[in-house]
Amino acid sequence: MSAGSVQEFQQSLTRLDTASTVVSPNEFETALADVIETPAVGAELPFEDLSLEELPVALEPSPSQLREAVMGVTGSRMGIASLGTVAVESRSAGDEFVALYPEFHVVVVRESDLRSDLSDAFGWLQSEFEAGRRSLILATGPSSTGDMGALVQGVHGPERVHIVIVRDDD
Amino acid sequence: MTESSQPDAERIRTLLETESDEIKQNTRLFNAGRYDAIEGVGEATHEQYRTRAREIKEESIERLPDLIDRTVETVEANGGTVYVADDAEDANRYVSEVVADEAADRVVKSKSMTTEEIDLNEALEADDVDVWETDLGEFVIQIAEESPSHIVGPSLHKSREEITELFEREFEPEEPLDSAQKLTAFARRFLGERIDEADVGITGANFVMAESGSIALVTNEGNARKCASIPNIHVAVAGIEKIIPSIAELEPFAELISRSATGQDVPQYLSLLTPPVDTPTMDFDRADEPSFGDSDAKREFHLVLVDNGRRAMRQDDELRETLYCIRCGACANSCANFQSVGGHAFGGETYTGGIATGWEAGIEGLDVAEEFNDLCTGCSRCVNACPVKIDIPWINTVVRDRINRGKDPGFDDLLVDGLVPDEEVSGTPLRKRFFGNFETAARIGSATAPLSNIVASSGVARKAMESVLGIDARRDLPAFERITLREWARSRDSHVEDPVRRVALYPDVYTNYAHTARGKAAIRVLEALGCEVVVPNVGGSGRAPLSQGMIATAEEKARAVAESLRSYLNADYDVVVIEPSDLAMFRREYEKLLPPETQERIDDGSYEIMEFVYGLLANGADVNALPAGDGNGVAYHSHCQQRTLGLESHTEAILERLGHDVLTSDVECCGMAGSFGYKSEYYDLSMDVGETLAAQFMEASDERTIVASGTSCMEQLDSLLSPGTRHPIELLDPGSK
Ligand code: SF4
């Protein structure tokens with residue numbers, strides 16, 4: 001498996017109308033706080049050293065909070081540089097709901113988790129499947145439809161996506 | 001005399017007036033998107049994925065019984081349930097029971113052709129269950145109470161204005177829904193509430209992975225994600241053919257499916273789910289409780305694998321390939337006829353486009369396939385578009401043959417049996433036999449020309465042809481030449497010293513009997529480039545009978561051609577072909593009609609005329625032996641089957657090298673497609689398809705010479721623009737210097 005570059009990932013995101021921010025681990029909280037629009041909900045990040053605990057984000061929200069939130073924050077353990085794809089895992093923290101209900105989805109991904117292309121991502125997927133983690137969505141850009149006579153973003157899923165890329169180290 | 005169950009002229013006319021504009025616009029957008037996306041990833045890479053995907057599908061269908069067993073084991077080990085349903089009724093009964101067990105009164109669905117196939121909504125509604133389609137295209141169709149017009153975009157025949165009108169009438173919203181944004185926002189809210197209140201979510205599955213008991217869903221809107229996660233109970237309904245071994249085999253399909261369908265590199269969402277998933281259940285009755293309402297409900301998962309004719313298709317050597325279909329819709333988007341009329345004419349009970357013939361024949365039966373099968377003209381533009389390399393035209397031919405054979409012989413047959421030298425059973429419709437035996441008509445027509453031409457074009461004859469054979473009187477008939485190309489060639493005294501190559505120029509039926517000019521030009525060009533040319537005594541390739549679904553006759557012709565060409569091939573002659581549809585027979589269809597070695601021999605030894613000239617020039621033949629183009633403008637339409645063989649660029653390259661300024665059309669087909677455009681009930685459709693081509697050449701037609709490589713294309717262009725369309729080889733003719 002080869003690593004993907006932050007630069008290529010960001011270029012792909014631009015093509016998808018998706019904003020992105022690159023931060024170092026110690027800037028992470030401040031940078032994310034800048035992106036957050038409230039009311040926000042979140043699923044605790046699947047990374048040991050990064051947490052949403054201190055941010056204005058409701059974790060394990062109630063159904064009402066979920067419906068009222070304008071933004072949802074989740075973490076992705078994989079990103080595909082050539083496509084701008086991230087993963088939304090079906091975890092008990094409720095990532096799937098947090099990523100689906102609000103119109104604005106913010107995804108945190110670590111530089112070291114970037115894969116170069118879909119083929120590399122499949123290598124990762126296979127090892128995940130072997131490890132028993134077998135439910136996730138590969139999400140690429142905002143939800144969209146052409147069914148109403150023109151291309152529209154924001155259908156049953158988010159209308160806007162913002163990716164926060166956390167550099168490996170300073 | 002048209003067969004009653006086929007699409008009639010009236011219906012086609014209505015669709016051309018009502019739905020055609022939207023369908024053209026949307027399918028062409030998808031079609032262009034596919035070409036661009038493939039170019040983006042690189043043709044060679046795309047080809048590798050196709051090859052791999054094809055292998056996986058072949059192997060999976062071969063191993064299907066095992067894979068079904070394995071899926072049952074793994075899904076059940078994960079905590080889900082699998083039900084293998086024999087037919088639609090069985091599947092519907094099972095799903096109804098699951099719904100009834102939960103006392104569920106609301107079900108939400110994401111897009112699933114298989115549930116359309118089994119009419120699941122109707123079955124649930126009969127039990128008073130409230131069913132909502134959440135894919136916006138399906139939602140539109142549900143509200144309009146129509147059937148899908150396209151596998152991927154079920155409502156793509158509807159304009160934004162029509163949807164606005166439909167929604168405003170149905171829902172009486174306070175604000176007008178006069179833009180795609182407003183319509184989408186309205187549907188999002190409306191369906192969002194229904195999803196939240198639903199007890200059961202039903203999805204399809206684009207792929208089922210046996211080894212882990214997982215499903216893959218390909219979507220852009222996010223509704224399948226909601227349907228699979230918000231209600232506690234998830235039912236996935238999929239045909240048994242959707243099973244592949246494991247996640248490892250998913251990769252080529254993940255690369256192919258969206259590129260082929262919509263021209264996206266990947267879908268917005270590729271869901272890989274191994275249910276029951278860990279996403280917590282939600283309790284909306286405790287809306288203010290944290291942790292999603294702190295529900296203690298458990299997730300439930302049911303996988304319904306539907307047979308409904310598929311196991312029989314698996315045993316059927318000709319229909320089996322249909323099961324490889326991943327339902328991307330590329331065969332519909334690349335089809336000129338489909339672009340004009342859409343799935344409401346070119347489709348059956350559920351499926352639409354070229355591959356629908358295979359699906360409907362296997363699932364519903366030949367009678368349903370017969371309703372639209374004639375709309376496949378065999379142009380073959382879908383062949384390279386299909387991500388799993390299904391020979392869609394062949395499936396259409398086989399089904400046509402079966403339909404012909406299923407007919408009762410009537411009076412016409414008793415009459416025609418004695419007259420036409422084919423191998424078909426009585427029952428094959430008279431018109432099909434007429435077109436299928438066109439070679440005989442051409443031979444007699446030529447022998448009696450010009451009298452035959454005068455008689456054939458007389459009002460009385462045309463009227464008779466229209467009423468008996470359904471040949472549209474608005475079409476010009478080919479005029480036969482008294483002296484055939486072969487006779488002309490034999491009478492010449494021509495000798496090439498030390499030939500660089502020896503050529504057997506194949507005298508296809510059109511060139512030999514009707515358009516001898518292009519044959520003569522070909523001979524002069526080849527001789528000028530140092531070849532010795534003979535025109536051997538070889539009969540029709542079998543293209544004409546094959547296009548009518550007369551496979552036995554085509555096979556007979558193929559054998560005769562192989563026999564006649566054998567001595568030339570053995571003597572190291574190159575077989576050069578002018579008519580692209582005949583070359584396509586040699587290269588593609590003979591694979592089905594002849595033993596492999598025989599086919600390969602003919603394939604390897606035969607060339608399209610411009611391809612051959614290109615090769616001669618590349619190998620040092622003197623380009624100055626041919627007349628220079630002097631910057632003259634040429635508008636070139638390459639034959640559909642020629643393009644499928646990848647032979648369009650040779651003509652462009654030669655003409656440009658000679659100094660012509662070439663404008664090439666980019667339509668999939670001229671619309672004439674052999675006999676298709678002659679048939680009365682398809683005349684309007686054929687002209688509609690042709691008009692797109694005409695529009696591309698209209699402006700250029702004053703200052704450019706129009707050339708086309710196929711006979712039907714020439715005839716179509718003659719009738720759409722002005723007579724005088726020529727074959728490109730005629731521009732190279734030194735005799736015209
Ligand atoms: S036959 Fe091929 S091109 Fe047509 S829908 Fe199926 S997979 Fe797509």
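Predicted model: local features only at pLDDT ≥ 70, side-chain atom pairs only at ≥ 80, totals over all residues.

**Chain A, overall**

I turned to chain A and went through its secondary structure, which comes to 5 helices and 12 strands. Next I checked the radius of gyration. Chain A has 170 residues, and a compact globule of that length would have a value near 15 Å; chain A has 15 Å, so the two agree. The C-alpha trace spans about 45 × 40 × 30 Å along its principal axes.

Then I looked at burial: 60% of the 170 residues of chain A count as buried. The accessible surface of the chain comes to about 6,300 Å², and carbon and sulfur atoms hold 42% of that.

How many positive and negative side chains does chain A have? I found 10 positive and 28 negative ones, with the centres of the two sets 5 Å apart.

I also checked how far along the sequence the contacts of chain A reach. Taking contacts between residues at least 6 apart in sequence, 74% join residues at least 24 apart.

**A:S143**

I picked out A:S143, which sits in the loop between β9 (136-140) and β10 (144-145) of chain A. Is A:S143 buried or exposed? Its relative accessible area is 0%, so I wrote it down as buried. Leaving out residues up to four places away in sequence, I listed what it touches: from its own chain A:V152, A:Q153, A:G154, A:V155, A:H156, A:G157 and A:P158, and from chain B the residues B:N220, B:E221, B:Q268 and B:Y269.

**Cis peptide bonds**

I went looking for cis peptide bonds. One joins A:T38 and A:P39, with omega about -5°. A:P39 belongs to the loop between α2 (28-35) and β2 (40-42) of chain A.

I noted another between B:P275 and B:P276, where omega is about -5°. B:P276 lies in the loop between β9 (269-273) and α13 (290-293) of chain B.

**Positive phi in chain B**

Helix α13 of chain B holds B:F292. Phi of B:F292 is near 60°, which is positive in a residue other than glycine. I checked its cover too: the relative accessible area is 2%, so B:F292 is buried.

B:K389 is not a glycine, and its phi is positive as well, about 55°. I traced B:K389 to the loop between α18 (366-370) and α19 (392-406) of chain B.

**Helix α12 of chain B**

My last stop was helix α12, residues 251-261 of chain B. I found it mostly covered, with 11 of its 11 residues buried. Among the buried residues are B:E251, B:E255 and B:R259, along with B:F253, B:L256 and B:I257. Just after α12(B) comes B:G263, with a positive phi of about 85°.

Note on methods. Residues numbered from 1 in each chain as written. Chains lettered and ligands numbered in written order. Heavy atoms only, no water. Helix = DSSP H or I, 4+ residues; strand = E, 2+ residues; numbered from the N terminus. Rg over C-alpha atoms; globule rule 2.2 N^0.38 Å. Buried < 20%, exposed > 50% of the residue type's maximum accessible area, 1.4 Å probe, protein only. Contact = heavy atoms within 4.5 Å. Areas by Shrake-Rupley, 256 points an atom, 1.4 Å probe, with all protein chains shown as cover. Lys, Arg positive; Asp, Glu negative; His and termini not counted. Charge placed at Lys NZ, Arg CZ, Asp CG, Glu CD.
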